[in-house]
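Thanks, everyone. Let me put the model on the screen, and then we'll walk through a few spots.

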Amino acid sequence: VQLQASGGGLVQAGGSLRLSCTASGRTFSTYGMGWFRQAPGGERDFVAAISWNGDSTFYQDSVKGRFTISRDNAKNMVYLQMNKLKPEDTAVYYCAASDLPTRQREYYKYWGQGTQVTVSS
């Protein structure tokens, strides 16, 4: 599976962005998908994950109620809708694929290149 993230940009605090992750490969629909983010000098942290059929989703506590992960298997796409953005959401955001949706970075087999999200105060 090859992944490509897009949709990042510069937004003011309180604004919204939608990140997209395009996947190639016929097995996309069998993978759990996740979004991670990495701020300068920081670790690559879990943000959100979704099961292969979209029935299960889970989030990092700091984004619950503001971010929504979704997927469209017919289009080989995963999305991260980000609302009420805060300056501390500033990071490079990565999409990734795993056999099972999980918070744990080490279980993700495939990674896309990152997309920069910058939230100004």
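Start with Ser 51. Buried or exposed? Ser 51 is buried, because its relative accessible area is 8%, and the cut-off for buried is under 20%. Keep in mind that this is a predicted model.

Where does Ser 51 sit? It lies in the loop between β5, residues 44–50, and β6. Its side chain has a partner in Asn 53: the two side chains make a polar contact of 3.0 Å. Now look beyond the neighbours within four places in sequence. There Ser 51 is in contact with Tyr 31, Gly 32, Ser 56, Arg 71 and Pro 101.

Next, Arg 66. This one is in the loop between β6, residues 57–59, and β7, residues 67–72. Arg 66 is buried too, with a relative accessible area of 9%. So what does the side chain of Arg 66 have beside a polar atom, at 2.9 Å? The backbone oxygen of Lys 84. Again, set aside the neighbours within four places in sequence. Arg 66 then touches Gln 81, Met 82, Asn 83, Lys 84, Leu 85, Lys 86 and Asp 89.

On to the disulfide. How many are there in the whole structure? The search finds one. It joins Cys 21 to Cys 95, with 2.1 Å from S to S. Cys 21 is in strand β3, residues 17–24, and Cys 95 is in strand β9, residues 91–98, so the bond ties together parts that are 74 residues apart in sequence. And the handedness? The torsion about the S-S bond of Cys 21 and Cys 95 is about 65°, so the disulfide is right-handed. As for accessibility, Cys 21 is buried at 0% relative accessible area. Cys 95 is buried at 0% as well.

Strand β3 takes us to the sheet. It is an open sheet of four strands, in the order β1-β3-β8-β7, and the pairing is antiparallel. Which strands are at the edges? They are β1, residues 2–6, and β7, since each pairs on one side only. From one strand to the next, the twist averages 15°.

Last, zoom in on β1 and β3. They pair in the antiparallel sense over five bridges. Take Ser 6: its bridge partner in β3 is Ser 20.

To recap: Ser 51 and Arg 66 are both buried loop residues. The disulfide between Cys 21 and Cys 95 links β3 to β9. And β3 pairs with β1 in the open sheet. Over to you for discussion.

How values were computed:
Residues are numbered from 1 along each chain as its sequence is written. This is a predicted model: local features need pLDDT of at least 70, side-chain atom pairs count only at pLDDT 80 or more; totals for chains, interfaces and linings use all residues. Side-chain values use heavy atoms; hydrogens and water are left out. A disulfide is a pair of cysteine sulfur atoms within 2.5 Å. Helices (H or I, at least four residues) and strands (E, at least two) are DSSP runs, numbered from the N terminus. Buried means under 20% relative accessible area, exposed over 50%, partly exposed in between (1.4 Å probe, protein chains only). A polar contact is a pair of N or O atoms within 3.5 Å; within protein, one must be able to donate a hydrogen and the other to accept it, and residues adjacent in sequence count only if both atoms are side-chain atoms. Contact means heavy atoms within 4.5 Å. Two strands pair if DSSP finds at least two bridges between them. Axes are lines fitted to C-alpha atoms, for helices over the stretch in contact, and angles run from 0 to 180 degrees between N-to-C directions.
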